[in-house]
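This report describes how one predicted complex is put together. Please keep the sequence and the model in view while reading.

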Amino acid sequence: MNDLSMANTATQTAFDVQAIRRDFPILSQQVNGKPLVYLDNGASAQKPLAVLDAMDRYYREMHSNVHRGAHTLGDRATAAFEGARETIRSFLNAGSTREIIWTKGTTEAINLVANGLAPKLKAGDEILVSHMEHHANIVPWQMVAERTGAKVVPIQVTPAGELDLESFDRLLNDRTRILAITHVSNVLGTINPVNELVGKAKARGVITLLDGAQAVPHFQPDVQALDCDFYVFSSHKLFGPTGIGVLYGKAALLEDMPPYQGGGEMIERVSFERTTWNVLPYKFEAGTPAIAEAVGLGAAIDYLNGLDRPAMEAAENALMARANQLVETVPGMSIIGTAKQKVPVMSFKIEGLHPSDIGTLLDQQGIAIRTGHHCAMPLMDFYGVPGTARASFAFYNTLDEVEQLFAALQKVQRLFA
Amino acid sequence: MPATEQDFLDNPLGKNPTLEDVLDGFEFLDDWEERYAFIIDLGKQLPAFPDDARIEKNYVHGCQSQVWVVSHFHEASGKLYLLIDSDAMIVRGLAAMILIALNGKTPRDLLATDIDELFEQLDLFRHISPTRGNGLRSMIGKIRDIAAAQATE
């Protein structure tokens, strides 16, 4: 065996995509009479059997309410639920599970932080976001700005889809109180230089929040190394169930913030004279939580931990590289978002075709992509497009699927010719 | 350019081709490529849309693409004439289909037309993504609202 074939064998053992696909039952179906090619992972990713089984097992064997402690099932449910919290802590490398708050998703996590920081804001303060944010990282800040008289200021984006760092340096000033920025752009795939941004913001005492919704499906962040104050993400994009997400926050800041919602679980003692809050993280978890979903998300992360992550990232990069090579096979096609540091997300347009036309005709061929404004209207305005078509890849996608996408795009183009 | 009454009356859709022509033509198409090529071709027959009618009042919300509908009631004949515009080609084709079915009818006749049944018959609800289906329904809803308002006057 020569070196080359040994290397090949090694790669195959490390990352056998066909074996991985068998872990995702939904992928092996036909859509419109064609094998499903699922390239809408940026909107929501599919779930491995490990997640389905964990949730099923939870309901079959241990469901009960958590933190009540009166009986065995309650203990089992609590252990599974808090075990999942520990899995998240370890995934993010947070210092303590007190800093891991369950939310409904990224959107709720950002709303929670925006509301919690509102008392610290006054008229004239500035909240720095960027032009490439998802609406979920714009609108909650606008709502808080409305209440407090603060102002939401966007950092500019370059035509390649990178943050304009000069714009950032110019806008970060003595009035800046909060920097809320996406780790990875949902439209462009750009990986932002968050270490540098957070470092500069911290040096001025600015509170920082990173929206990791599009980052965590592709790589693992380390919140202590990033040193951000808040990091948020959704389970459903990370191969876990819908309806649950995570807010990581530094304990000191979380302690300082008022509760988001009132109800059960979040209180220590209630009386009509005075109600006191529960300790972290429960202070922010009013009501019975999404227990099975938390367990499911824990299982998703355990599943990912069982994969060879460097090999997985290499495989994803190979998908992106192949897609980039094939762009020239579709006349009039151009990529929106050509940052140097990218996750495998490809927003594109084809001259003369509306994104919705592209999406409809790809669907006819069994290929699922996203079309539209991607909840990032300011960015669509920046590029002067009504929307884009977006193929977003996951580690379970194959090079063959990338090729099918381009063959299908060629067919779409022929239909409109 | 603003639309004149003549622009509305000159819109061939609703007269030629007729709904029967379209249904007959559609029957012989056996795969999705042919069906969509047919729809795209129909879209090319949409007459020019008046520039000054691209305003909020005429905008159809709920579509992924931009869609406008403008109407003119022809007093002499008691018929309602419509123009539709979209920036997406498949939506233009579906709009043409809607005009073929509804354009130049009295408001009462328009309201009595079962457009859903037509789209079922054309097998288009099944072949169109749910979001697009919604956009189509918004477009039809807007036209029916116009007709209903006219009918009660």
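## Basis and confidence

The model is predicted, so local features need pLDDT of at least 70 and side-chain atom pairs count only at pLDDT 80 or more, while totals for chains, interfaces and linings use all residues. Residues are numbered from 1 along each chain as its sequence is written, and chains are lettered from A and ligands numbered from 1 in the order in which they are written.

The predictor assigns the complex an ipTM of 0.88 and a pTM of 0.92. Within chain B, confidence is lowest in helix 7 (residues 124-127), at a mean of 63, and highest in helix 5 (residues 107-112), at 96. Where pLDDT is low, the predicted coordinates should not be read in detail.

## Domains of chain A

Chain A is divided into domain 1 (14-43 + 308-416) and domain 2 (51-305), with bounds that come from an automatic or database domain assignment. Taken over C-alpha atoms, the centres of the two domains of chain A are separated by 28 Å. Their contact (C-beta atoms, placed from the backbone, within 7 Å) takes 24 residues from domain 1 and 24 residues from domain 2. On the side of domain 1 that touches domain 2, the elements giving two or more residues are helix 12 (309-326), strand 14 (345-350), helix 14 (377-383) and strand 17 (388-392) of chain A. Helices (H or I, at least four residues) and strands (E, at least two) are DSSP runs, numbered from the N terminus.

## The sheet of chain A

In chain A, 7 strands form an open sheet of mixed pairing in the order 4-10-9-8-7-5-6, where two strands pair if DSSP finds at least two bridges between them. Strand 4 (100-103) and strand 6 (151-155) of chain A are the edge strands, each pairing on one side only.

Strand 5 of chain A is joined to strand 6 of chain A by 5 bridges and the two run parallel; A:Ile127 has A:Val152 as its bridge partner in strand 6. In strand 5 of chain A, 5 of the 5 residues are buried (20 or more other C-beta atoms within 10 Å of their own, with C-beta atoms placed from the backbone), so this strand is largely enclosed by the rest of the structure. A:Glu126, A:Leu128 and A:Ser130 point one way from the strand, and A:Ile127 and A:Val129 the other way.

Strand 7 (residues 176-182) and strand 8 (residues 207-211) of chain A also pair in the parallel sense, over 5 bridges, and A:Thr182 stands opposite A:Asp211 in strand 8.

Leaving aside neighbours within four places in sequence, B:Met139 is in contact with B:Val60, B:Cys63, B:Val67, B:Val69, B:Ala95 and B:Ile98.

## Contact between the chains

Between the chains, 14 residues of chain A are in contact with 16 residues of chain B.

Key. Contact = placed C-beta atoms within 7 Å. pLDDT = per-residue confidence, 0-100. Buried ≥ 20, exposed ≤ 12 C-beta atoms within 10 Å, placed from the backbone.
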